Each structure stands twice: as structure tokens, then as C-alpha cells.
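Reader: Pick one spot in this model and give me a close look at it, with the cut-offs spelled out. After that, carry on into whatever else is worth a look.

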Amino acid sequence: MTTKKTCLSRRHGKNTLWYRREAASWLEALPMGNGRVGAMVFGGINAERVALNEDTLWGGYPRDTNKPGAAEHFRTAARMMMDGRYGEIEPYIEDHLTSSYTRSYLPLGDLWLDFPSTGEAVQSYERALSLDDALAVTEFERGGVLYTREAFVSNPAQAMFIRVAADHPGRTSFTLRLTSPLRHQVSSQGSRLTIKGIAPSEAAPNYVMEAADPVTYADDDERKGMRFIAAADIRAVGGTVAANGGQLSVEQADEVIITLTARTSFNGFDKRPYLNGTDETAACLADADAALSLDWEQAKADHLADHRSLMGRVSIELNGNDYIDQTTQERLERFADQPDDLAMYELAFQYGRYLLIASSREGTQPANLQGIWNKELRPPWSSNYTININTQMNYWPAESANLSETHEPLFGLIDDLRVTGAETARVHYGARGVCSHHNSDIWRLSNPVGEGRKGSACYAFWPMSFGWLCWHLWEHYKYTGDRAFLRSRALPALRDAARFFLDVMVRGDDGYLRVAPASSPENSFYFNGEACHISKSATMSNAITRETLEHYLDALSALGLSESMADEARAALPDIYPFQTGPDGRLLEYELPFEEPEVHHRHTSHLYGLHPARLITPDGTPDLARACRASLETRGDDGTGWSLGWKINHWARLRDGDHALRLLKRQLSYVRDDGKTSYSGGGGTYLNMFDAHPPFQIDGNFGACAGIAEMFVQCSGNTVFLLPALPAQWHTGVVKGLRAYGGLEVDITFSGGKLVEARIKRALPCVEAVTVRWPGGERTVAIPFGETMIIKGL
């Protein structure tokens, strides 16, 4: 019998997910991607399944979904709210201001490899995903033969490569199939299998239960959906390859290389994908031919160089025990009883970075609720861009975790929303500038959704998301110092957001300005015994408004520019409704200390000023920081996956690393999957380490990753804090490659909870002096471009 090699985790390193059984469900499969093409690899023995996605394959087509006449109704709603008509405002908003839902992100289909069953027992089965190499490997022995499969999704080649081999000649045989839940046709010719299809014109959100025919395909060309194509090519060493109807058959080969390419007819958010789409077939086959020009070794080398150039920038070492010989499943199951498995935190951090690289690259769409991985025609919450927290959370680690390039697709979304959101601002609010609400999609929908449904105002009526998205533009500038970016992309968007807020703010009897009517995303309060969601003022809305105006003015100042609107913004800032503390010491969420129907609500929106914003800090506003702490203590430590992720960051900003770690441990609680889409239970982690909302949402993975970075390095103004929230359990270790404001790259060595040494390199050409603080020390220096400052602690 063939002698088995060392376990895959030993061969590929500690940043590896690995298992001793094949995936039993989609949430046990291993995710791969190049930002555009997504794949979930199951590692099946008798039948390998690779679930496929393409990031532009969405339902629907561009439509004007704004509601004519809404602006007058908004003005009426504002008067009603300021008159205190809490009980009447929600049905009025739902009847007159809500409109169409977003379209859904869709699965492309599945690639299947069906292997002949020999009846012989399988031994030494392992499958693994190397995060360092973005390489999936499946190995097992059967009948004295070692079978190996390797797979990667290449960004340079824009193709997926799969190698199927055995260590005995002539022992590789299988049938290759392509299937899809969408309307499609499959054809084969020579050694190429092709699937072509079309997406539905309508796919009602999964929560619209009354839809009689939720998935429909229009007959007229104007309303037809996205076309798509995928091509699988086989190159065999030895043996034969034959086309057999809608499949390809490989017999007795030594080794087989499969390349998979995919494209859609998407031609921009404002182009009809059927009538005005791109030639998806020509694009896909051009990708395929280019991929076929590469042998396996060259394609793999190109892929590894590309992936490692991003993934290899940051390392983290915590001095825990080595559990690398335990499978990922064993470590998740035992995590609560293995508190010294500190490498699980390292793995969670690096997995977040891996997923961002795999789901968001320059030239792709932004990562959605599920990144780029989805198996359902009507996925949870349409797998859309939920921009009242979730999409933003996806990109929290982009700058701090040294993956700035992955931020670019989100900036593209912001660019597009400047177009659609300007029309929504005009039609729905009679305002200049730009706004968007809590949902968007590939067609850059910006209106409040809901279609008049009762209860929709609590989540739909929230015109604050574009302002929050602009936070990402400002963060990118602060981290990179890129003045050209600030001038050409950040400032125009900040100006648009500020213009909208200045136009729609109203002044209350208290003399303060606020955006009203207001909501605190998806939360509620009691008024006269009735649960309400719409108020005169919401702390989050005020914080986003204040921050947007400040960033707009700061951008003008940084560029040495002046304009008339700046005077308007300066005049408004002191009058924006301030943060307030209630009689119980908590930060108020609304204008009054209303009783709450759900004290432990998953959203912590009113703490936006603490995180992600920096309006509240323990040093600058200690009383408000204490109010945030009181709010978090009352909300409690339970929550959905992304909610836990946000709380990790809140506690890190409060410099309470031990409490942040408590939340991180909860997020790593193992959640078993039965193959069905579950919406019940608390947050945690599935077998493949996807975040469990539940169901799966990728934002929690990114929130945890960003929170871990915040424990080691934080920024505020021109100050960098080292080890601001280091948990006692992480007392000794090394972290390298994290980023800080001003183009700084930070390496930290610590022992006994104290700084041993920090190396801070100016990696980008910025000029500002920086103040570095750490427990027990502080230094202000100017670090020239390319040079490194060394700080000694102990």
C-alpha cells in the first residue's frame, strides 16, 4: 500500500482548515475565489461537487424604483414627527415612502466529478484549505492507490484550475458534469463542456412569503435577466477524453487538469443585461483559451505569487499550545475546553483576511452578505448589500489588516450610488446631494424598500447609509495619505452626502438640527405603550451626519480648497443634536430615554460614534465612553454572528481586551449545520469557519478579523496606540504587518502583557508627524518614507 504523507496541516502550515471526512453540506465545503468567481469545494470521494458563483450574476435588470411624489410626503412626515405623532408616522411612511425591494445574488451552478465506485474501503482521507496559498487539497487511499485533487481559483488567469491525479498510472477516471438551478443548456464538444443560461427577471426576497410565483422569467427582451456561461476544459495525461451528450468522460488517465471559466452579460448597473449586455460567450472563451495556454505548474506559480503578495503581509503568533494535529472540527468542538488553543484566534484573523482577498479584488463587485458564495435562488436577505451595517463591516479589516487593494470594489459601489442616490434624494426628499437606504444590489438600488408592507419602516426608512459608506473613503485616505484619491473620489462623495444632510435636517423646538423622521436600524421603543420605530432623533443618524460634515471640511482643508458650502457645514455642525446620556448612565439611542421592548437587541447602532467612528474615545470624551460601556453591559454578550463582531470592536475601542476576547470566544462557538437554512439560535461558527448569523453571513468573519486588529493597533487623528486592548490571555506574542494611519506598517513584540519592541515603518509617502502611545510610554516623531522607527519597551 502507498505510504501516506504527513497530515495536510503539517504540510501547509498552521493557517490551514483541514478535515478527515468529506463535506456533508454546503456549510462544510471550503470556499475559494478570485474576487469574481467563487467556488465551494466539497472534497467528495465518489462524487466531487464544486458549487460555483460569479459575482455579477444577479436577478433582475436596472429599473427606476423611486416613488414619484414621495418628496411631498417626506415633508409631511417630517412635520408629523416633529409634532410628536409617533403612533401615526410609521403607517404613513410605509404607505407613501417605501418602494421596490432589491434583486437577489444567484448561484451559477455546480461542477460535478463522478468517479467509478470500486467498492474498496477508503483510508487516510483528508481535505484541507491552505489560507497562505489559497489552495484546496483532497487526498485519500483506496485499493493501494493514493488519489489527490488540488484546486485554486486564479486571479491572474481569471480561471479555476483543478488537478485530479493518482500515484499509479491509468487510475484516474471520472465523468464531468455542469448543472444549474437557473434556466440553462449544456453542450459538449471535444474536451470542452459548456453551460449557458439566463437569470430570472424577478426573484422575490425569501421573506416575502405571499409571493405566488416568486421566481419568474420574462419573455420580452427588455425585462429579461442576465445571461451567463461557464466552460470546463479537460487536459489529460494518458487515457482518453470523450464528449458524451451533456458531459465529458475521462478513462484511465494518469493525471487530469480541469480549467473552469465563467462570465455574465453584465455591462454596468445602468445597462439592461439582455439587450445591452456584453458578449459573455466571447469573454468566457477568451479566458478559457488563455487558461489553456498555461500548464499546471505555471498557473499555480502565478496564482501563488499573486495571493501571497496580499496574504503574506501580516502574521500573528500567540504563545499557545500547538493543536495543529487536531482537525478543524475537533478544535471547534473542543475550543471551550482548550483555552490554550490560542492559534484558533490566529486562524480566525487570517481566515477573515483570506475571505476578503477571495471575495473582493480590484475590478470586481463588492463582497455581499455572503461574500461571493451562495447556493440558493432566494438566499437569506437576497444575499444583497445590506448597507446599514453588514456591507460596511465586510470592509472594516481592509485597511488595518493590510489589504487596502480589496477596498476598491466598495469604492466602485459608492461611485455608482452617487448616480442612483442623487435621483433618490431628489424624488424622495426634494433634496440635493446623494442618499441611499439600508439595501442595495448590483443595479445600485437606493430607495427605501418595503413595497408598503406593514413593519417595513423599521428597517427601510433610513437614509443614512451613503454617509456611512463615505467613512470608508475617508479611512482609505487616512491610511494611505493618497491625496489624488481624496481629491477625485473621496471629496466628491463626501460633498454629496453632506449636501443631502444639510438639505434635509430640520430644527426642533430644542434648537438642535437632526435628520427627521429618524430610525435606529431595526430597533424599537415604547411610546404610550405602543412599540414604535420612528422618532424625532436617532443618535446614530446624528453621529453619521456630524462625522460626514467634519470629514467633508477636513478633506477641503487637506487639499487647500474652499467653497461656499463649507460655510454652511461649519455653521450647522455646532447645532447638530448632541450625544446624550440617560438617567441610568447609558448613551441614549433616541431623543428620550424610552423603554425598550428588546433590551438585548442585536444592533448597537447608537454606539456608532465609538466604533467605527472616532467621535467618542476614552481619552477625548471619557464620560461618553463610560455611557457606551453601560450601554454594552445592558445589551449583553449574546447576539448574532455579526452583532458579536461589532461588539468585539466596541470593547476593543473601550480598551477592554478581556471583554473583547469574551465576545470573540462566543463567536467561535461551534454551530452544527443540518443542511437546511436555519434562522434560529445564537451566533457562532460553522464547520468551514463561515460565520453563523445564523444563517450564514460573512460579515461576522470580517468583524472578528477587524476586532483582533483593533486589539493590537488603533488610530485616532495622528496618534497610533500599540496594544490598546491586549487580553490577559494573549500576554506574549508577535504581530507583524498591521497598518496604521499615515501609511505606517507596524510590527509588535510583546511579553507579559507589555511591549518589548515595536518597529514602525513609513510604507507610503506621507509626511505627518505621528504620536505613538503604548502602555507605559509615548513618543512623537516624524518617520520619513521608507524608514523604520524602533521603540523599545521592556
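Author: Let's start at A134, which counts as buried because its relative accessible area is 7%; buried means under 20% relative accessible area, exposed over 50%, and partly exposed in between, using a 1.4 Å probe and protein chains only. Keep in mind that this is a predicted model, where local features need pLDDT of at least 70 and side-chain atom pairs count only at pLDDT 80 or more, while totals for chains, interfaces and linings use all residues. Numbering runs from 1 along each chain as its sequence is written, and side-chain values use heavy atoms, with hydrogens and water left out.

Back to A134: its phi is positive, about 50°, even though this residue is not a glycine. You'll find A134 in the loop between β6 (122-130) and β7 (135-142); the helices (H or I, at least four residues) and strands (E, at least two) are DSSP runs numbered from the N terminus. R655 is another non-glycine with a positive phi, this one about 65°. R655 sits in the loop between α17 (641-653) and α18 (657-667), and with 30% relative accessibility R655 is classed as partly exposed.

The peptide bond joining H693 and P694 is cis, with omega about -15°. The bond from P694 to P695 is cis too, its omega near 5°, and P695 is in the loop between β27 and α19.

Follow the chain into helix α19 (residues 699-712), and you see the helix lying across β28 and β29 (719-722) at about 80° to β28. Contact here means heavy atoms within 4.5 Å, and the axes are lines fitted to C-alpha atoms, for helices over the stretch in contact, with angles running from 0 to 180 degrees between N-to-C directions. Those two strands belong to an open, mixed sheet of four, ordered β28-β29-β33-β34; strands pair if DSSP finds at least two bridges between them. At the edges are β28 (713-716) and β34 (777-781), each pairing on one side only. From one strand to the next the twist averages 20°. Strand β33 (residues 770-774) runs antiparallel to β34, with five bridges between the two, and T771 has T780 in β34 as its bridge partner.

C705 is in no disulfide (a pair of cysteine sulfur atoms within 2.5 Å): the nearest cysteine sulfur, in C715, is 15 Å away. C705 is also buried, at 0% relative accessible area. The disulfide count for the structure is zero. For C532, the closest cysteine sulfur is that of C458, at 12 Å, which is too far for a bond; C532 is buried as well, at 1%.

Now for charge pairing. Which side chain does R20 meet in a salt bridge? That would be E330, at 3.7 Å from N to O, a salt bridge being a side-chain nitrogen of Lys or Arg within 4 Å of a carboxyl oxygen of Asp or Glu. This pair connects distant parts of the chain, 310 residues apart: R20 is in the loop between β1 (16-19) and β2 (30-33), and E330 is in helix α6 (residues 328-334). Both ends are partly exposed, R20 at 46% and E330 at 21%.

E475 and R614 also form a salt bridge, at 3.0 Å from N to O. E475 is in helix α12 (residues 465-480) and R614 in the loop between α15 (564-572) and α16 (622-635), so this bridge ties parts 139 residues apart in sequence. E475 is buried, at 4%. Then there's E757 with R759, whose closest N and O atoms are 3.0 Å apart; E757 is buried at 16%, whereas R759 is partly exposed at 37%. The structure holds 58 salt bridges.

One last stop is S104, in the loop between α3 (86-96) and β5 (109-114). S104 is buried, with 1% relative accessible area. Leaving aside neighbours within four places in sequence, S104 contacts W58, G59, A203, L377, P379 and S382.
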